[in-house]
Amino acid sequence: MTGNEYCALHRKSPDKAYDALFESYCDYVYAIVFNKLRSVASREDIEECVSDIFADIFFGYDVNSDFAGDMKGYIGTVAKRRAINAFHSLTARNGHFSGDSDEYLAGVGSGSDIEAEHDTEETRNILISKINELGEPDSTIIFQKYYYERSSGEIAELLSMKASAVRMRAARALEKLKKSLAAAGIIL
Amino acid sequence: MNENREFDMLENADDKNVELLANVPVLTRKEKERMLKMSKSKLDKMNRESNTEEQVSGVEQYKRPKWYAFASIAACIVLVGGIVGTAFLMHRNGQAPDIDPMSEVTEPSTESSTEVADFNKNGNERHFEEIEELFSKVNEFTFMFSGGGVEVDEGNNIHYDFKGENDETKDVRYVLVTDERFSTIEEVKEYIKQYIADPMFTSEYNSFFVDSWSPAVFKEFDGKLYFLEKDDAEKKAYKIKCGSQLTEEDLAVFLNLDSDSSLSGVEDEKLSFSIPAKIDDSFCRISGILVHEENRNKLSEYSIEFYPNGESADAHPYSVRAILDNITEFDAISSGAGVYGDTSSIKEINIDDITYRYYRVTDDRFSSLSEVKSYLRESFTDSFLSQNDYLWDGYSKFAEFEGVLYFNEAQRGGRYTFTGEPSVISETDTEVTIGVDSTLPGGEVESLEIICVLEDDKWKVDSINTVANTNAEPGVDYVSATNDALHTFFELENVVFGSALEVDGNDKVTVNDSEYARVTSDRFSTVDEITGYIREKCCDKMLDRYLDTDSGAGARFIEREGKLYAKIIPTDDRLVDGAVSNYTRLDETDNSFTIRVIPPHRDTYEIYVRLDEGEWKLSGTTL
């Protein structure tokens, strides 16, 4: 969705503009927030953060702007900033920093562990490419089940499959993934 | 929180991988709706806080849509309008206003005016957006209860034996609901109650969850939710458009009509509103009340006032939608479904060993028989009402006991269910004919012509006639033939045995101890004309019935000195009601069929119809 499209729609109906913007970018914003908060937040916290981000965008975006490009960049920036803030407040509220958060803060703070970060990124890329090699629907099921933590019932609903079939495919696909990752030197 | 540590390495991914993860379908419709709703409510809060700051700084931050601009102006004049309006009403009622308008206007109630003024600054827009959202929900519910707008699994259905009026059983097909919004009846109710306050929910929506004269729209079987899906839901469900859904052209019409929006009341408690709107293609005003419950405003009640079609400059403009609504209301009143009453307050009367139960009417519209008549006379001509006098004559629908209005508790389905777009077939300064389709209780569609006449500066329904069904399949058009036959049958019954013809009770003659009153109706002036009409419409045994010299027209009508007289008969002797909604057609052949009529309080009877020299004629009845 471009800035112009959003502004034109907003002039006709702000509510419709909000609906359209949300529909276009909710998966993207959710992915950003989930990626940042996965280890420290409940699903409710994540939903809360996503809705905070959209409220910020609805409120803050200048509807008189003549920006003609995709709003994705702006939305991504607001989402990341909000997600990082939420990460801080959640870890502070929980009274501890998890290993991940330490790692995260270290990464952001000093820049000294660039090599380690590069290794993590390398491993991440391999993992993602190996999951994608599983093909559909197994790759989606793996992401949904082991990364997004969705139950087999929820996945079944999203993919119009039976929960038992999801469970079976997930188990087999995970086994296959582990083997393929082991061959690449990564132990899951 | 995360239990699958193996996938932690995907966290804090770069933009490219986040985009890839964003392509994984993970959010259900329900989750999306929940988050969007939360976002909007957070936005409302931010707007409220920001508006408070604006008042201090005096900076306007965002643009208002045009509609809201004049909405706000209107809100400013609400208080004054209220007082002037009251004075105007008092004046109309023939009482001189006992106030000095100027002093009232210049010294208004400080409390109320402050509230109104604060709204303008603090968020009329928000409330009007809320109202628009609420009416989009009302549309959603209307569509749902018309049989559409719910996700279902067509292949998974259950047949249910619905026991309708007269204990007739109908096979009704329910389909399994797969909609994410709800999976139980309770959840459907909760879904609606998010937007509709309790009294309105009970009066408007609760009946859709129970079997009454029509089957419930939702049902649970084996703990699963099922829905009564209907193919014509889209056609049947009307849509209310307001706010941003109105086009520039619509707004221009409303400006012409001097129709503004207004809002008054106490924020976060109760707000009254009045807004311009369109229902299908008809311009109207919707007035109603929002109440604040569970942290949001809900619709508590609303009423619709239609503007006339066309230009407001017309001397006597009419609204097709208002006319159809009046008929629907009449239908609801005459069927019993649309009369509010206290079912615990019952009167029983016994006639011919049949017990009739009447319940006390608690309807705001009328509290006596004369008020019922006056109410209906606003929208229907005397001629139409005399055709439908079963409402108050004989074994009537309405009755008064000791000065209190009661209604016959038996309910039956409505006669008219309008479908499709109505059209104006012809119009003059004093008469308009509207064409519209209506679905019969059995599901067939009939085409109607509604004739309205201008009477006392009001457009009133004078007659509703079935016309030949031009969309019918080739072959015999039984639907039209049945309707024509029923119409003729009731007309003849009422001419020969009832009170269809107007008489002058002061011009009477007595013959063989029987009293006859002079017929003043223009339709017939001689006995020959009546019998000629009967011969035109009937054959076989039906001719015997109506031309019988002991009981039929031969006994009912006489001529004296060139004038037509009708024997005066007690109304209780009438044999049939003026209309029925429940009937079936049997034994169809190319040249005959039978109509089985199932009246509310009498035994079922049949009417035989036969093709005679190319015309369908009544050929007999079991009565």
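**Basis.** The model is predicted, so I kept local features at pLDDT of at least 70 and side-chain atom pairs at pLDDT 80 or more, while totals for chains, interfaces and linings use all residues. Residues are numbered from 1 along each chain as its sequence is written, and chains are lettered from A and ligands numbered from 1 in the order in which they are written.

**Entry 1, two helices.** I looked up helix H16 (residues 527-537) and helix H17 (residues 540-547) of chain B. Helices (H or I, at least four residues) and strands (E, at least two) are DSSP runs, numbered from the N terminus. H16(B) and H17(B) pack at about 160 degrees with their axes 9 Å apart. Axes are lines fitted to C-alpha atoms, for helices over the stretch in contact, and angles run from 0 to 180 degrees between N-to-C directions. H16(B) and H17(B) are therefore roughly antiparallel (over 145 degrees). Their crossing is right-handed. B:Thr531, B:Ile534 and B:Arg535 of H16(B) make the contact with B:Leu543, B:Tyr546 and B:Leu547 of H17(B). Contact here asks for C-beta atoms, placed from the backbone, within 7 Å. I sorted these residues into four nonpolar, one polar and one charged. Ala, Val, Leu, Ile, Met, Phe, Trp, Tyr, Cys and Pro count as nonpolar, Asp, Glu, Lys and Arg as charged, and the others, Gly among them, as polar.

**Entry 2, a sheet.** In chain B I found an open sheet of four strands, in the order S14-S15-S16-S17, with antiparallel pairing. Strands pair if DSSP finds at least two bridges between them. Strand S14 (418-427) and strand S17 (458-467) are the edges, each pairing on one side only. Neighbouring strands are turned by 25 degrees against each other on average, direction ignored. Strand S16 (residues 445-455) pairs with S17(B) over nine bridges. I noted that B:Ile451 has B:Ser463 of S17(B) as its bridge partner. Helix H12 (residues 320-335) of chain B packs on the sheet and touches S14, S15, S16 and S17, at about 70 degrees to S17(B). Helix H15 (residues 478-496) of chain B lies across S16 and S17, at about 120 degrees to S17(B).

Note on methods
Parallel < 35°, antiparallel > 145°, perpendicular 65-115°, else oblique. Left-handed = near helix turned anticlockwise from the far one by under 90°. Contact = placed C-beta atoms within 7 Å.
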